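Dear colleague,

Please find the structure below.

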Amino acid sequence: MTIVLVDIEQVTHTCPAHPDAHPFDTRRTLIDLIPGGPCRAPVTIRCGQVTTIIPCRQHEPVKRQCGACRVIVTEHTITTRHLTTEVRG
């Protein structure tokens, strides 16, 4: 199982069209990556006379992937800032 650790920073604002605060800029920063290792259930595919073996993550849906090919994204921290704008007349 590959584990991806990310930090999320989102900036919110309010505008006349949507008076409730809503995010307009979201940034994700990769903090750490722990690889799952080699595929434990490779898939054989054929096209005409050509046969090749590929990792199950490239062919199978997530439910049928082996433990090494699955990817889990974990949010380390989530920071929300509100953008305040000043209008000068």
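Strand S1, residues 2-15, pairs with strand S2, residues 18-34, in the antiparallel sense over 12 bridges. Strands here are DSSP runs of E with at least two residues, numbered from the N terminus, and two strands pair if DSSP finds at least two bridges between them. With two residues between them, S1 and S2 form a hairpin. Glutamate 9 stands opposite arginine 27 in S2.

This is a predicted model, in which local features need pLDDT of at least 70 and side-chain atom pairs count only at pLDDT 80 or more, while totals for chains, interfaces and linings use all residues. Residues are numbered from 1 along each chain as its sequence is written, and side-chain values use heavy atoms, with hydrogens and water left out.

A disulfide is a covalent bond between the sulfur atoms of two cysteines. The rule applied here asks for a pair of cysteine sulfur atoms within 2.5 Å, and the count comes to zero disulfides. Cysteine 66 has its closest cysteine sulfur in cysteine 69, at 3.7 Å, which is too far for a bond. Cysteine 69 is likewise in no disulfide, as the nearest cysteine sulfur, that of cysteine 56, is 3.6 Å away.

Cysteine 66 is buried (under 20% relative accessible area; exposed is over 50%, partly exposed in between; 1.4 Å probe, protein chains only), at 10%. Cysteine 69 is also buried, at 3%. Both belong to the largest nonpolar core, whose six residues also include Val43 and Ile54; such a core is a set of buried Ala, Val, Leu, Ile, Met, Phe, Trp, Tyr and Cys residues joined through side-chain atoms within 4.5 Å.

Kind regards

Definitions and conventions:
Helix = DSSP H or I, 4+ residues; strand = E, 2+ residues; numbered from the N terminus.
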